[in-house]
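Trainee: Could you walk me through this one? I'd like to begin with the place where the chains meet.

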Amino acid sequence: MRWYYKLPLRLRSIFHKKRAELDLSEELQFHLQNQIDEYVAQGMNPKEARHAALRSLGGIEQAKEECRDERKVNLIENFLQDVRFGLRLLRRSPGFSLLAILCLTLGIGANAAVFSWIEGILFRPYPAVAHQERLVAIGGTSRDEPLGTPLSWPDFQDLQRSCTLCETLFVSKITGTTLSIGDRAERTTGSIVSANYFDAIGVPLMLGRGFLPGEDQGQSAHPIAVISYQLWQGRFRGDPQIVGKTQRLNGVMHTIVGVAREGFYGTFVGWGMNFWVPASMEDIFESGGYKLEDRGARWIEAYARLKPGVTFAQAQQEFAAISGLLEAEYPATNRGRAIRFWPLWQTPFNNAGTLLPTLEIMLAVVAFVLLIACANVGNLLLVRSFARRHEMSVRLAVGAGRARLWKQLLTEGLLLSLFGAAGGLLVAYWCRHALVLLFPARGGVQMHLPGEIDWRVLALSAGVCLATTLLMGLVPALQTGKIDLAQSMKMESAGMVGGRGRAWVRSGLVLVQVSLSFVLLVGVGLLMQSLLKVRTASPGFNTRGVQDTAIDLVSAGYTPARAQTFQDALLERVRALPGVESAAFAKMTPLSYVSSATAPIVVDGYQPPPEESPTVEYNEVGDNYFVTMGIPLVAGREFTRADDEKAALVAVVNETMAQRYWQGRSTLGQRLQLKGRWMQVVGIAKDSKYSSVREKPTPFFFVPLRQNSLRGSVLNIRTPLAPHTTATAIAREVHALDSNVAPYEVITMQEQLDRSTSAQMVAVTLVGILGALALVLAAIGLYGVMSYAVSQSTRELGLRMALGAGASNLLRLVLSRGLALTGAGVMLGAAAALLLTHLLGNLLYKVSPRDPVVFGCAFAVMALVSVAACLLPAWRAARTDPIRALRTQ
Amino acid sequence: MAKPTDLVQGTLDLLMLKTLALQPMHGWGIAQRIRQVSKDVLQVNQGALYPALHRLEQQGWIRAKWGESENNRRAKFYSLTPDGAKYLRQEQAQWKRLSLAIELVLETP
């Protein structure tokens, strides 16, 4: 019973097999000898005595076999034997083995790759951060935005003070800056964090220190930064004296106080962070000014780590209680709002949320691919098992148990799937960073979406491998159950095309393959259709003829006054460029990853219901913005050069906002209050899309740059020229004004839109690749079944020919059998697709999950592919030589 | 070859362990000893003897060691392990209880 007795014995039985066997026979021999001696002493002659002794022992070999059974040697023996036999079989038919292993490699590899992405992006997204399983993402909700808003700093601090179920809470808000080190300027991402950040996540620094308590308080009070290892190595050449040096970030000199450890990329799914600044520097990096004391300014993204043993429900309850108190205490800002959290994989404010539906769909798709691959390999094994029927019959005839045969067949399946799994893990390893490749770099910042192959991924892959083995091994194993000894020892009877009998298993497998790939085809079609719709949907502004770039003067160290002069001069030069129709500055570009500023507003004459505190997104734009962007004005006028700091404050609202707050009354001339300043509505713009093409019409308004922050760095240009032509011209003009400043890349608004829908693009690409893979696998399966059927029915074909059937008849016969199979598969697949496609849910845009066009296309593709797959077997059938066919069988 | 029933098998284990509790012994010796002590009433089925020994060894109740027999032949001697001794005590008690119970039933008029 105890392992320390058992283990050495077992090991001895396996590794010192000869020695153990020798011992066993010597032991029995000793017994036999004693027995013989006794019989001789009783008066038998030696020969008789020997026979009698053997009899009383019940046969020496039988006794040995029973001893071996007791030692459980046979179990291992048989397994090793099966493994050796299986390997020999694989080597003997390399074509079969290669095809089977390739199918499995693709199937298992696709699964392992998706597992690794899910692990690395959704479940363990932050390498080096401690206890991610208890980490949750905190956000706010309101009546209008149940899906998550940022928090305000005061709300966060109150939450931090009163939360008892959390071990720690910290802020990590993505921001960006232009880094100019030496002669190179480029965009980089960083985080605005609370002072406890590095302690909270449990990531020790490599050099220097993290932030001290209190360093996240006060307006621009602590210009210090921690930089990433990557930045330190890449841009500072690993300077060991880096701590204490200064670097300009967004125009303010920051002292570098620390370097984070290698392999730490911050806490944001999608981009690697390169620097961290305390929240006190917020007004340097965020639009909208100093917000640390403003409960209405919601800009924080935060995380909490729950205490061990605390359930989500308990913590959620406490959050609700705290936000209830805050709501009661600060009705002006918190009315109708709550604070809650999401598990990391549903984080609303980074790419986890965007990628979640895609990865969920991927999980289903790779399961389909695996099933199709299994069906293929099952079919291959089945064909082989027909060829081995004689072997099986003989083994059964000489006394092998069926269980023993099953074990052997399963072992062979296991070998195949082990090879497949090994290959699959290699595939997953190569693909672990592949997801990033599908996303275009945005303004020079490449996404960071690493897959993670850890023990969980390995365990899941092993599980998949075992399931695969069972699935494939089962088919031929069940087949042996049906071997009729008497029948199969006789001559094999010839088959017929698509004949009855065992063929139904193979046909069934192909049916499954065809229907699964049909479902995938429909899925790909629907996703492609919606991507097309998303990309061609009008966002409410001109996408083809408008380009945008940015000139970050703040990072270059300009004062607001100097920046204003520079921008005025640049605008004049750009407008004068040949081909440029108009140009305007703005604070932010629609559909970019930089979110619009949002602020609570007061509307003259609008009494908000008690549960509402109106907060609206807005943009600061320069003169001629609407003309440049191609956003039509429904009424009133747009901003002009005259709307400057000396003129009366004005605003332009969109239709939805006019509708919401003035309910059809004439909006022009009405007033709204932003940050304590009243402004008059002078224009109504048509609705357009602001942060996402898929958003519903939302209230939005515009204010003139000159009357606000002056910090607009985005330059929109209306021109029919190609972006690179514009880029050179603008670079020239910028350099003429200041050789130290460089503009960002110039892209069209269409490009901007395409980038903003990259998640859909990724879904389409991935599902497309896998769908094509599945289609090829299914075609191989169909081809295999049809050519096997043809090869097994040469006699029937020969007979038909002899009786007068022409080549075209036979061609049609085989084709029609193949297509009948496909037809049935497609019917099944269509039924499944009708039930399943609504699961694509959010990924679909203006496309019905049962779009008839898509179903029709999928049908056409399937039909084409199956004709192609059946053509070669059919052609072969048509060329049957009746004389040879009839003679050979 | 039919396997002995559970009762017989359990009994054989018990008898063998008891025999080995006195001194280390080889298979042949165990069979002989059981026969002698039981005054030829109990005959160990020789075919079942060695599988049983190997099973007991697998379970860790007994340990095997090569040695020299009384007639100077190389023989495999089995001896009781501490675990085996404990198991024997348990089984012996169990057996006593059982036989007492059977006796009670049979003696009842």
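Mentor: Gladly, and please keep in mind throughout that this is a predicted model. The contact between the chains takes 22 residues from chain A and 19 residues from chain B.

Trainee: Which elements of chain B give two or more residues to that contact?

Mentor: On the side of chain B that touches chain A, the elements giving two or more residues are helix H2 (27-37), helix H3 and strand S3 (74-80) of chain B. The one that gives the most is H3(B), with nine residues.

Trainee: And how do the residues on that side of chain B divide by class?

Mentor: The side of chain B that touches chain A has eight polar, six charged and five nonpolar residues.

Trainee: Okay, back to chain B as a whole. How many helices and strands does it have?

Mentor: Chain B has four helices and three strands, and read from the N terminus on, its elements run α-β-α-α-β-β-α. Its C-alpha trace spans about 55 × 30 × 30 Å along the principal axes, and 30% of its 109 residues count as buried.

Trainee: In what order do the three strands sit in the sheet?

Mentor: They form an open sheet in the order S1-S3-S2 (chain B), with antiparallel pairing. Strand S1 (25-26) and strand S2 (62-68) of chain B stand at the edges with a single partner strand each, so one side of each is left without a neighbour in the sheet.

Trainee: How many bridges pair S2(B) and S3(B)?

Mentor: S2(B) and S3(B) pair over seven bridges, in the antiparallel sense. To find the pairing in the structure, you could look for Lys65(B), which stands opposite Phe77(B) in S3(B).

Trainee: Switching to chain A again, is strand S8 covered on one face or on both?

Mentor: Both faces of strand S8 (residues 275-278) of chain A are covered, with Phe275(A) and Val277(A) buried on one side and Trp276(A) and Pro278(A) buried on the other. Strand S5 (residues 224-227) of chain A is joined to S8(A) by two bridges, and the two run antiparallel. Here Ile227(A) is the residue that stands opposite Phe275(A).

Trainee: Which domains does chain A get?

Mentor: The domain assignment gives chain A domain 1 (3-71), domain 2 (149-347), domain 3 (355-486 + 503-535 + 757-888) and domain 4 (546-756). The C-alpha centres of domain 2 and domain 3 of chain A lie 48 Å apart, and their contact takes 10 residues from domain 2 and seven residues from domain 3. On the domain 2 side of that contact, the residues divide into five polar, three nonpolar and two charged.

Trainee: I also clicked on Gly712(A). Where does it lie, and why does it count as buried?

Mentor: Gly712(A) lies in the loop between strand S19 (700-704) and strand S20 (714-718) of chain A. It counts as buried because it has 27 C-beta neighbours inside 10 Å, where the cut-off for buried is 20 or more. Leaving aside neighbours within four places in sequence, the residues in contact with Gly712(A) include Phe585(A), Ala586(A) and Glu620(A). Gly712(A) and Ala586(A) are 126 residues apart in sequence, and yet their C-alpha atoms are 4.9 Å apart in space.

Note on methods: Residues are numbered from 1 along each chain as its sequence is written. Chains are lettered from A and ligands numbered from 1 in the order in which they are written. This is a predicted model: local features need pLDDT of at least 70, side-chain atom pairs count only at pLDDT 80 or more; totals for chains, interfaces and linings use all residues. A residue is buried if 20 or more other C-beta atoms lie within 10 Å of its own, exposed if 12 or fewer, and partly exposed in between; C-beta atoms are placed from the backbone. Two strands pair if DSSP finds at least two bridges between them. Two residues are in contact if their C-beta atoms, placed from the backbone, lie within 7 Å. Ala, Val, Leu, Ile, Met, Phe, Trp, Tyr, Cys and Pro count as nonpolar, Asp, Glu, Lys and Arg as charged, and the others, Gly among them, as polar. Domain bounds come from an automatic or database domain assignment.
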